[in-house]
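Here's a quick briefing for anyone meeting this structure for the first time. Have a look at it, then read on.

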Amino acid sequence: MQLFLLLLLLAALSPPATSHYSSSTSSPSSSSVSEWRPARATYYAATNPRDLVGGACGYGDLVKSGYGMSTVGLSETLFERGQICSACFELRCVDDLRWCIPGTSIIVTATNFCAPNYGFDPDGGGHCNPPNMHFVLPIEAFEKIAIWKAGNMPVQYRRINCRKEGSIRFTVDGGGIFISVLITNVAGSGDISAVKIKGSRTGWLPMGRNWGQNWHINADLKNQALSFEVTSSDKSTVTAYNVAPRNWDYGQTFEGKQFETP
């Protein structure tokens, strides 16, 4: 009887189940995560709707792009000159019993860059200076794992597979023979290492990374149906045929095939 009562007491004292904050991702499977690593995190509070528009990955309006507040800006060491855009991370608060919310974590997508400030030391005000691993979160996300008064918090992070609703989205822009394509809502590893485009009267043409997840090419592809081949950082490739119809126009968004996630 005493052993039974002891087991009940231990169960009551166990930490609550992990909760997640995400508008476009879900809990990772055990086969899709990397090891936990130490970092630090701060937050920003959007005071104007325009604060949710822009970012170094080129997604524009984060709500319309489907990312909402489940986003993060990365320090220079993590940002990899924009190649990491659209990757997903899980963060949890650690080592501070006063400010951390126990048993919680958040899942966020990399959408922005936290520029270094070399007027300060990395251990002072230069939070995003190399070699710091630093995450800047919307306050709505930060408050899911820590009390806002905490400020610059120690956290742990790990890279996870992205789980997205719907297909990859291709927003075509440009003019004349210049074509720019913004790629969003990418599942799997999330970040993209290579893109090819094909018109209905051409072969596959490699695109260059313009900035963030904007890819470009100089080619006359008007009045041709467009297909895309997207390769992620883990070397997975999806090919989406005839994503845009022959009468496509600049400024339109089209959906193609999606990466599979375990």
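Two strands count as paired if DSSP finds at least two bridges between them, and the strands (E, at least two residues) and helices (H or I, at least four) are themselves DSSP runs, numbered from the N terminus. What you're looking at is a predicted model, where local features need pLDDT of at least 70, side-chain atom pairs count only at pLDDT 80 or more, and totals for chains, interfaces and linings use all residues. Residues are numbered from 1 along each chain as its sequence is written, and side-chain values use heavy atoms, with hydrogens and water left out.

**The sheet**

- Eight strands make an open sheet with antiparallel pairing, in the order S13-S12-S9-S10-S11-S8-S7-S14.
- The edges belong to strand S13 (237–244) and strand S14 (253–255); each has a single partner strand, so one side of each has no neighbour in the sheet.
- From one strand to the next, the twist averages 30° (axes are lines fitted to C-alpha atoms, and angles run from 0 to 180 degrees between N-to-C directions).
- Seven bridges join strand S9 (residues 192–199) to strand S12 (residues 226–232) in the antiparallel sense.
- Glycine 199 has leucine 226 in S12 as its bridge partner.

**The disulfides**

- There are four disulfides in the structure, each being a pair of cysteine sulfur atoms within 2.5 Å.
- Counting bonded cysteines along the chain, the pattern runs 1-2, 3-8, 4-5, 6-7.
- Cysteine 57 is joined to cysteine 85, S to S 2.0 Å, and with -85° about the S-S bond this link is left-handed.
- That pair connects distant parts of the chain, 28 residues apart: cysteine 57 sits in the loop between strand S1 (37–44) and strand S2 (71–74), and cysteine 85 in the loop between helix H2 (76–79) and strand S3 (88–93).
- Cysteine 88 and cysteine 162 also form a disulfide, which is right-handed because the torsion about its S-S bond is about 120°.
- Cysteine 114 and cysteine 128 have their sulfur atoms 1.9 Å apart, and both are buried (under 20% relative accessible area; exposed means over 50%, partly exposed in between, with a 1.4 Å probe and protein chains only).

**The surface**

- Ile101, Ile147 and Trp148 make a nonpolar surface patch of about 260 Å².
- Tryptophan 148 lies in the loop between helix H3 (139–142) and strand S6 (153–160), and its 43% relative accessibility makes it partly exposed.
- Patch residues have over 30% relative accessible area and no salt bridge, with nonpolar side chains (Val, Leu, Ile, Met, Phe, Trp, Tyr) joined within 5 Å and like charges within 9 Å.
- A salt bridge here is a side-chain nitrogen of Lys or Arg within 4 Å of a carboxyl oxygen of Asp or Glu.

Notes:
Areas by Shrake-Rupley, 256 points an atom, 1.4 Å probe, with all protein chains shown as cover.
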